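This report goes through one protein model with its ligands. The sequence and structure come first, and the notes follow.

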Amino acid sequence: MAQPNQNQEKLVWWKEATAYQIYPRSFYDSNADGIGDIPGIIKKLDYLADLGIDLVWICPFYQSPNDDNGYDISDYQAIHPDFGCLDDVDRLIREAHKRGIKIIIDLVINHTSDEHPWFIESRQNRNSAKRDWYIWRDGSEAITEKPTNEPNNWESIFHGSAWQYDAETAQYYLHLFSSKQPDLNWENPEVKAALFSMIHWWLERGIDGFRVDAISHIKKQANLPSLPNPNGDNYVSSFKYHMNVKGIEEHLHELRDKAFSPFDIVTVGEANGVAAEDALTWVAEETATNKAGVFNMIFQFEHMNLWSEDSNQSSFNLVKFKQILTRWQNALEGMGWNALYLENHDQARSINTFGNPNYRYASATALATCYFLMKGTPFIYQGQELGLVNFHFTSLDQFDDISARNLINKLKHQGKSDQYILSLLNRVSRDHSRLPMPWNSEENGGFSTVTPWITVNPNYERINVSEQLNNQNSVLQFYKQLIELRKQHKSLIIGRYKLILADDPNVYAYQRVSDDCTWTIITNLSDNVAKVNIDCSALGDLILDNQTKNNEIAKTNFEKTGLASAYGAYVFMTKH
Ligand code: GLC
Ligand code: CA
């Protein structure tokens, strides 16, 4: 048996919370224009409260030309009319708070839209007072064999060059994402001051915190050097020079001290490129001997393999997955806090990526059990609690996402067939998670009474909220039980994580150990029956499983045989 946790975990509300992510465009349309909106979120707050949600993260709803669906902001202090108005946001905060739900919003400060007044002024001429608010460079003489001569050979995260030529002033500006998302120059103190005052403005409105977008990209390698290009590609993946680059701590500390610290809020940074070894710089809790990190939690990317569309890794390697998540659990034990997630608006549905849609209920509930009871704050992405699966796209023009459209161009240029691209995007497209939330079996899944802005997955007739609320054996009811279980047992919040069966290729099993009890969480993440090589008789009571309504039968079967059924999930607890 593992040693009980000797650490006195500091308990705060956001550690105990269950969080839920909303993609507002696709959540609920209250005014029949085919687009989800803020009044629509307010209408569904009771649903979230009933589910047991304490914290909601809402993706961008600001004024935006929508090149990247709102992640290209043209006015931080205005709401896109598709979503409503500032009064709606104030009402949303009030109504959420009435139900004990806190609201955090997306803070997109690595870049703005090219239609933001700051950028419009910046691009006017080379002497503009805001010229240096963005990253402008002359063309490079060095790259002459190409039709263009970008300042360096960096590839954009959304494919193609990371530079856009501006004929007016004959210079290029840097955009790590789409060409309509110019990167702000964080080396300029005026930029930071303007961003921090905008942040204060939102916090004074009563927002409970932020999910901070793409924040590991704000520091760029000095002098923006080109990368080695042994294959002679048009552009070269450039993460090394703009992701978690040395020196970023200075910007982050300023963000913490000048923007966040004066307020009692929760912050979650999106931290691509941050490894478990440097996690404490980002999320350490302040103690007598430790300096505080920057955020309360970060979304790390190591287990998601995000932005690697062209990699050939299609199959899920469970042992590697366990190693990564265990590294994070251990790195932060007693010193920082994890944000737990399997899905978000940038990912395909987790059942398709990590599970098997042919075992939809079992794999949805096994995956849920597996990640949800680790140490950290669990985030549920809208529809994940229903076990939504990917949509089957049949043609390339069905994709809406700017990154998918750029990828299609790039791969077509390379001579890849439509069939190849379609099958790749059917696996990894961000659009899968952006289809409308199915509320009932009525037209468009009850999301909207008119044709929605994006395709509806026709399986809403079978898979929807209303059906699952009435069905005791649904994925939704299982999530409710998990959420409730975590609320009832402090040991599931503070207990130390301990991996067991590390090398088992089918079973993810771990314990949560606290002074008074030990939880053992066993999930078979394969579609075969798996032998679980532990002494089943010492596990205590079976508290939750996804096998049968009758725990005793599931327990007896499991104890007798040690066999876990395909995507079987078993949660045991024994008191010390
Ligand atoms: C983050 C967001 C993603 C967006 C990108 C650019 O990764 O999650 O949706 O496209 O930043 O803002
Ligand atoms: Ca609407």
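## A buried histidine in a loop

His 159 is buried, with a relative accessible area of 8%; buried means under 20% relative accessible area, exposed over 50%, and partly exposed in between, with a 1.4 Å probe and protein chains only. His 159 is found in the loop between strand E7 (154–155) and E8. Strands (E, at least two residues) are DSSP runs, numbered from the N terminus. Although His 159 is not a glycine, its phi is positive, at about 80°. Most residues other than glycine have a negative phi.

## Basis of the model

This is a predicted model, in which local features need pLDDT of at least 70 and side-chain atom pairs count only at pLDDT 80 or more, while totals for chains, interfaces and linings use all residues. Residues are numbered from 1 along each chain as its sequence is written, chains are lettered from A and ligands numbered from 1 in the order in which they are written, and side-chain values use heavy atoms, with hydrogens and water left out.

## The three-stranded sheet

E8 belongs to an open sheet of three strands with the order E6-E9-E8 and antiparallel pairing; two strands pair if DSSP finds at least two bridges between them. Strand E6 (136–137) and strand E8 (163–166) are the edge strands, each pairing on one side only. E8 and strand E9 (residues 171–174) run antiparallel and are joined by four bridges. One of the bridge pairs is Asp 166 with Gln 171 in E9.

The loop between E8 and E9 holds Ala 170. Ala 170 also has a positive phi, about 50°, although it is not a glycine. Its relative accessible area is 36%, so Ala 170 counts as partly exposed.

## The eight-stranded sheet

A second open sheet has eight strands in the order E13-E12-E10-E5-E2-E1-E15-E14, with parallel pairing. Its edge strands, each pairing on one side only, are strand E13 (297–299) and strand E14 (339–340).

Strand E1 (residues 19–22) is joined to strand E15 (residues 377–381) by three bridges, and the two run parallel. Gln 21 has Tyr 381 as its bridge partner in E15. E1 also pairs with strand E2 (residues 55–58) in the parallel sense, over four bridges. Here the bridge partner of Tyr 20 is Val 56 in E2.

In a regular strand the side chains alternate between the two faces of the sheet. Both faces of E1 are covered: Ala 19 and Gln 21 are buried on one side, and Tyr 20 and Ile 22 are buried on the other.

## The hairpin of E16 and E17

Strand E16 (residues 496–500) pairs with strand E17 (residues 507–513) in the antiparallel sense over five bridges. Lys 498 has Gln 511 as its bridge partner in E17. The hairpin has six residues between the strands, and in it Leu 501 takes a positive phi near 55°.

## Ligand 1

Ligand 1 is surrounded by 14 residues, the closest being Asp 68, Asp 213, Glu 270, His 345 and Asp 346; a residue is near a molecule if one of its heavy atoms lies within 4 Å of it. The shell around ligand 1 divides into four nonpolar, three polar and seven charged residues. Here Ala, Val, Leu, Ile, Met, Phe, Trp, Tyr, Cys and Pro count as nonpolar, Asp, Glu, Lys and Arg as charged, and the others, Gly among them, as polar.

A polar side-chain atom of Asp 68 lies 2.5 Å from an oxygen atom of ligand 1. For Asp 346, a side-chain N or O atom is 2.5 Å from an oxygen atom of the ligand. Arg 430 places a polar side-chain atom 3.0 Å from an oxygen atom of ligand 1. On its own, ligand 1 has 310 Å² of accessible area, and the protein covers 99% of this (Shrake-Rupley method with a 1.4 Å probe).

## The calcium site

Which residues coordinate the calcium ion (ligand 2)? They are Asp 29 (OD), Asn 31 (OD1), Asp 33 (OD), Ile 35 (O) and Asp 37 (OD), at 2.2 to 2.3 Å. Donors are N, O and S atoms within 2.8 Å of the metal (3.2 Å for Na, K and Ca); water is not among the atoms, so sites may look incomplete. In sequence, the donor residues are spaced D-x1-N-x1-D-x1-I-x1-D.

Asp 33 is partly exposed, at 35% relative accessibility, whereas Asp 37 is buried, with a relative accessible area of 2%.

Technical notes:
Polar contact = N/O pair within 3.5 Å; in protein donor to acceptor, adjacent residues only side chain to side chain.
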